[in-house]
Amino acid sequence: MRQQVLTNNFMNKDRPPLLTSYSFDHGTTRKELANAIIMHEYPLSIVDHVGFKRYSNALQPLFKVPCRNTMKSEIFKIYEHHKGKILSLVVSNASRLAITMDMWTSSNQKKGFMAITAHFIDDSWTLQSRILRFRYMPCQHTKDVLCEQLLNCLMDWNIDKKISSITVDNCSTNDVMIDLLWDKLDSTLLMLGGNLFHMHCCAHILNLIVKDGLDVIKMGIEKIRDSVAY
């Protein structure tokens with residue numbers, strides 16, 4: 001669609017406004033709305049808000065605010081586009097990849113999520129980090145479930161033969177999960193025969209040390225707090 005609009009000549013304010021035309025692309029506008037939702041983590045329900053619809057109509061009457069399902073499809077198109085770019089970058093890179101896997105539970109919904117990230121050095125010797133998968137993990141978070149999800153991610157990205165190490169939290173479930181994963185991969189393709197395959201997260205270990213130390217002096221800290229409050 002083309003519209004005629006009045007534009008000012010900012011270089012010379014003495015000139016009268018000029019009547020020019022421009023092309024309005026509904027698809028481009030819808031894509032930018034999807035990018036805004038992704039960038040600022042807006043809920044999809046924003047397209048149903050009356051105030052947002054009124055604002056959009058005042059800003060550009062030709063733009064029809066899409067429904068939630070349309071925006072969801074637009075977001076998945078952007079995801080597939082960026083996934084293709086990352087896939088070509090990861091697959092074409094000659095270096096090994098260090099994988100980190102982290103499990104965490106949301107405080108408000110009490111739901112578990114898995115995040116898998118790949119770290120590698122590109123051709124210009126720059127450290128790159130890319131999130132390969134972030135998904136909801138239903139209970140129970142057993143070793144078999146974790147191993148299956150991690151293996152599916154590696155196979156999906158076709159990087160199961162390019163792994164240098166996998167870093168996970170220091171817990172018994174992850175230890176057994178890594179053993180299961182070891183049996184499903186070709187150990188002959190691993191660096192140093194797989195000696196660096198399983199790495200424990202130093203930050204998690206340090207966190208456990210600090211917690212144990214605080215438990216030892218817990219009574220003393222509480223007495224100091226009580227005395228200060230008194």
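Reply: Happy to! Helices (H or I, at least four residues) and strands (E, at least two) are DSSP runs, numbered from the N terminus. This is a predicted model, in which local features need pLDDT of at least 70, side-chain atom pairs count only at pLDDT 80 or more, and totals for chains, interfaces and linings use all residues. Residues are numbered from 1 along each chain as its sequence is written, and side-chain values use heavy atoms, with hydrogens and water left out.

Helix α3 runs over residues 68-92, 25 residues in total. From first C-alpha to last, α3 reaches 36 Å, close to the 36 Å expected at 1.5 Å a residue (1.5 Å times one less than the number of residues).

Buried residues of α3 are M71, E74, I78, K83, I86 and V90, where buried means under 20% relative accessible area with a 1.4 Å probe, protein chains only. An α-helix has 3.6 residues a turn, so residues three or four places apart point the same way. The partners against which the buried residues of α3 pack are α1 (26-40), β3 (97-105), β4 (112-121), β5 (127-137) and α4 (143-156).

Now the pocket. α3 supplies the largest share of the lining of the largest pocket, 8 residues, while α1, α3 and β5 each give at least two.

Terms used: Buried < 20%, exposed > 50% of the residue type's maximum accessible area, 1.4 Å probe, protein only. Contact = heavy atoms within 4.5 Å.
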